Amino acid sequence: MTALFDSHVHLDAAEFDVDRGEVLRAARAAGVTGMLIPAIVASAWRSLRDWLSSNTASAVGECGLDFHDVSLDLERQLHFLREQLQLAREFGLPLVLHARGAFEQVILELQRFIREHGALCGVVHSFSGSVEQAKRLWEMGFLIGIGGPLTYPRARRLRGLVATMPLEYLLLETDAPDQPTPAIAASATNRHGSSMCSIAWRGCAGGHVRTSRAPPLPMRRLFGIGVPSGPRQEPA
């Protein structure tokens, strides 16, 4: 069985309170050997610098921009993104980036920061931008997160994009309990767990990428989780 790493799952979400243990067992049975759980609880943001100063973290995030929700204030989003880019640089940590409808603006913010302050690294999760945008992210040291949307019937452009991507720049994710596959979205529960990572993987191995094997090593190197050899990838 191919070892899998879910690079973006909200296992701490309330949707999993009733069966979190069952979800973990199903994930292990599907070959998921590890998970990264991004922080999204607002109560933890106020003292983030203090927390990072006295605790061990795998990354800064989830942070970024969301242009899909027009009720969100753009300047406020930019303020928090820029502050968290600075924290990632200050503490030598990778970023977990959200860019819903905002891939170009996130790329421009990364380019500006790197030009003024130095290198960053991380992952842009749930990527659905263009090949050109993906290449610009690779060149800056960022990986691309893909998951459930790859299985959507209308996602031909995304599958074509993934087929051209170098495997070393791809990370699998579920974003559970969000972004379920069509079958799960139509079910009574409308939720899914990290075992879905194996479904996304089977979709890739079935012809959407150029090889039948993609080890979780890029994920482990980036976030320093169970790295078998060599240092974690860090900003230069």
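This report covers the strand order and the helix packing of a predicted model.

## Basis

Residues are numbered from 1 along each chain as its sequence is written. In this predicted model, local features need pLDDT of at least 70, side-chain atom pairs count only at pLDDT 80 or more, and totals for chains, interfaces and linings use all residues, while side-chain values use heavy atoms, without hydrogens and water.

## Sheet

An open, parallel sheet is built from 5 strands in the order β3-β4-β5-β6-β7. Strands (E, at least two residues) and helices (H or I, at least four) are DSSP runs numbered from the N terminus; two strands pair if DSSP finds at least two bridges between them. β3 (60–66) and β7 (170–172) are the edge strands, each pairing on one side only. From one strand to the next the twist averages 30°.

β3 and β4 (residues 95–100) run parallel and are joined by 5 bridges. Within this pair, V60 is opposite L95 of β4.

## Helix packing

Helix α5 (residues 131–140) lies across β5 (122–124) and β6 (142–146), at about 135° to β6. Axes are lines fitted to C-alpha atoms, for helices over the stretch in contact, and angles run from 0 to 180 degrees between N-to-C directions.

The axes of α3 (residues 74–91) and α4 (residues 103–117) come within 11 Å and cross at roughly 45°. The two helices are therefore oblique to each other (under 35 degrees is roughly parallel, over 145 roughly antiparallel, 65 to 115 roughly perpendicular, the rest oblique). L78, L81, R82, L85, Q86 and R89 in α3 meet Q105, E109, L110, R112, F113 and H117 in α4, contact meaning heavy atoms within 4.5 Å.
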